[in-house]
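Subject: A structure for you to look at

Hello,

I promised to pass this structure on, and here it is. Have a look at the sequence and the model first, and then read my notes below.

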Amino acid sequence: MNSKALAALGCSLLLLILAECQEKEQPPKATEKKITKEPKPNKLKPPKATGQKLQQAAAKPRKAKVRVKPTAPPSQVHQPASILTRVVARGRFQKVPDSLTLRAGDTLELRCRGQAVRWRFPAYLEDEDEGRLRIKHFERHSQLLVVNSMAADTGEYSCWSFQCRDSECQDGEDRTGKAFIFFTDPQELFVPTEDYYEVVQLRTNHPTLLPCQVTSPLAKVTLHREFPPEEVAVDGIDISYDMKRGFVIHRPRPSYAGSLFCMASLDGMRQISTKYMLIYINYPSSAPKPMVSTSASMVRTGENFNVTCTVFGEPEVAVDFTWEYPGQQIGRPPYIRERTDLARRGGQVQQESESILYVDEARAIDEGLYTCSATNLQGTTTVSTRVRVLPATLSPKGAQSG
């Protein structure tokens, strides 16, 4: 290689080295632009947007702040946990719903967690003497077993446990469980009973239940009158229906009196229930409020006097009177007269019931307390007054009415 070629090669290498040094000293323009466009989080400027865009931009950070975990409604927060479960297979348990439908013949096995567990079940099983109902208690739970189930076993099953510490146990109100269980039977649409007729009282201002319970929640049930034969309207106000209880007459009336029955239909089959003989009773709204008075609070020996007990109440409401008086100690027979009339008081017609106790030829033994007890279907009320018997030689002063 000649001297000219070597000189040219040297110049080329020198130029390449100089160019590389310049690139290292001067920072790249792309990196500069990226740094200047990325602001710090605490120095963000509001976007230059107006109208709807400005509202949307302002709403974005608020949405991020409002994100909170949803909470349960207040009615669900303090609901006690059920301690009742159903054994569906060996080692497999299922939470029991409010109502459960099984077929007659199925085995029912329920478990209730807790100590000192108590059970409540349909009345038919209480009288069971064939050993179909079995209850076993363990250290931490209790077991209820119904084998060879029947339509009559339909009803509510519930349990509750006691909170025990050492030897003392108290009711555990927050540890309860209950479920209504239907045992369906195509031949028994109603829970069977032994009575063909059942007498039911229709009480004024008191709901009345016709307990025609069905064995299947799918059965359609209607209410009927026997004489004259007709269907009774069920409007949900005066009369309502509950498949777990039957028909409820919320506003009893005299027109509902008579023979009624329920009719159920399912899959082309119809059945009627027990017949209910409804008797209307004008049921009192409260216990009687008797008033007692005497013909004289002080009498002389040998004189006659009487004590009167009076009750004002609702018409056609029977009131029974009983007396306690000093002469009972020696078996002194009383003479009592009772009467009932209608009277107008305060612009209303009321029934006046009265009982009068007569005492002839007063003696010293007749002095003392005279007590009247008035009773109706709502209860008993007692009132008293005192009579003083003076010797025949003294005249009573200031005889008064009690």
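A residue is called buried when its relative accessible area is under 20%, exposed when it is over 50%, and partly exposed in between, using a 1.4 Å probe and protein chains only. Cysteine 309, with a relative accessible area of 0%, is therefore buried.

Some background before the rest. This is a predicted model, in which local features need pLDDT of at least 70 and side-chain atom pairs count only at pLDDT 80 or more, while totals for chains, interfaces and linings use all residues. Residues are numbered from 1 along each chain as its sequence is written, and side-chain values use heavy atoms, with hydrogens and water left out.

How confident is the model?
The average pLDDT of the chain (the predictor's confidence in each residue, from 0 to 100) is 80, and 74% of the residues score at least 70. Please take care with two stretches. Over residues 74-78 pLDDT stays under 50, and the model has 1 contact (heavy atoms within 4.5 Å) beyond four places in sequence there. Residues 398-402 also stay under 50, with 11 contacts beyond four places in sequence.

The disulfides
A disulfide is counted when two cysteine sulfur atoms lie within 2.5 Å, and a search of the whole structure finds 3 of them.

- Cysteine 309 and cysteine 372 have their sulfur atoms 2.0 Å apart. The torsion about their S-S bond is about -80 degrees, so this disulfide is left-handed. Because cysteine 309 lies in strand β21 (residues 305-313) and cysteine 372 in strand β25 (residues 368-376), the pair ties together parts that are 63 residues apart in sequence. Cysteine 372 counts as buried at 0% relative accessibility.
- Cysteine 112 is joined to cysteine 159, with an S to S distance of 2.1 Å. Here the torsion is about 85 degrees, so the disulfide is right-handed. Cysteine 112 is in strand β4 and cysteine 159 in strand β8, so parts 47 residues apart in sequence are tied together. Both cysteine 112 and cysteine 159 are buried.
- Cysteine 212 and cysteine 262 are bonded with their sulfur atoms 2.1 Å apart. A torsion of about -65 degrees makes this disulfide left-handed.

The sheets
Helices (H or I, at least four residues) and strands (E, at least two) are DSSP runs, numbered from the N terminus, and two strands pair if DSSP finds at least two bridges between them.

Another open sheet has 4 strands, paired antiparallel in the order β19-β21-β24-β23.

A buried aspartate
Which residue sits in the loop between β7 and β8 (155-165)? Aspartate 153 is found there, and at a relative accessible area of 0% this aspartate is buried. The side chain of aspartate 153 reaches the backbone nitrogen of methionine 150 at 2.8 Å. Beyond its neighbours within four places in sequence, aspartate 153 is in contact with residues including Tyr124, Arg132 and Phe183.

Enjoy exploring!

Best wishes

Terms used: Polar contact = N/O pair within 3.5 Å; in protein donor to acceptor, adjacent residues only side chain to side chain.
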